[in-house]
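Here is a short report on one chain.

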Amino acid sequence: MTYDPTGHLLLTPVDKDAPARVQRLRELGLGERPEPAFDEFAHRLADVTGAPFSMVNFIDENQQFFAGLHTPEGTHSGSDLGAAAAGTGGVGRYMARDHGYCPHVVVRRKALVLEDVCDYPRFAGNPVVDEIGIRSYMGAPLIDRSGVALGTICVVDTDVRPWGRAGLETIKALAAELMEQINRREDGRF
């Protein structure tokens with residue numbers, strides 16, 4: 001964690017690996033457009049966890065991109081999630097890097113479970129709490145075979161959720177499963 005010149009705690013961690021991540025995402029052809037396979041994975045992630053929102057999220061130096069997205073209505077537009085974050089009422093496949101918890105997961109390279117984000121001062125002040133109403137989060141990094149954390153899979157809810165140890169194990173297993181799919185894709189073995 002770092003502080004700005006006024007002494008305030010910055011909520012988004014410094015990401016020294018972002019340039020390598022951007023290069024690797026380009027090599028893999030990921031993070032620039034929505035993909036039906038990732039939308040399907042996000043839908044499955046929502047089914048397995050019972051979460052209303054789920055994402056396959058790739059992160060570059062400035063923003064997050066939801067290549068896979070599931071919303072409560074089953075749509076892939078994300079307008080009900082991302083419009084508040086964008087402040088425009090538009091489609092929400094993009095989110096600022098300082099919104100949400102996925103940038104923390106990518107930098108720390110470990111799964112993160114927040115049953116109630118308001119229980120953690122470090123996370124309670126994140127813009128998604130007030131702008132979107134996020135109250136719980138669970139995410140795991142997508143670490144590829146080269147060791148680069150490409151992004152995350154995550155689920156969020158506007159209610160407090162008792163994810164527990166079972167939730168942690170589930171999100172980690174699903175992240176490993178998606179990385180296997182990405183590896184097969186890279187190898188040409190869809």
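## A buried arginine and its partner

Arg24 is buried, at 9% relative accessible area (buried is under 20%, exposed over 50%, partly exposed in between; 1.4 Å probe, protein chains only). Arg24 pairs with Asp144 in a salt bridge, with 2.4 Å between the closest N and O atoms (a side-chain nitrogen of Lys or Arg within 4 Å of a carboxyl oxygen of Asp or Glu). Arg24 sits in helix H1 (residues 18-28) and Asp144 in the loop between strands E5 (136-143) and E6 (149-157), so the pair ties together parts 120 residues apart in sequence. Asp144 is also buried, at 5%.

The model is predicted: local features need pLDDT of at least 70, side-chain atom pairs 80 or more, while totals for chains, interfaces and linings use all residues. Residues are numbered from 1 along each chain as its sequence is written, and side-chain values use heavy atoms, without hydrogens and water.

## Other salt bridges

The whole structure has 14 salt bridges. One network links Arg24, Glu27, Asp144, Arg145, Glu186 and Asp187.

Arg21 and Asp15 form another bridge, at 2.8 Å from N to O. Arg21 is buried at 1%, and Asp15 is buried at 14%.

## Fold

The chain has seven helices and six strands (DSSP runs: H or I of at least four residues, E of at least two, numbered from the N terminus). Their order from the N terminus is α-α-β-β-α-β-α-β-α-α-β-β-α. Of its 190 residues, 49% count as buried.
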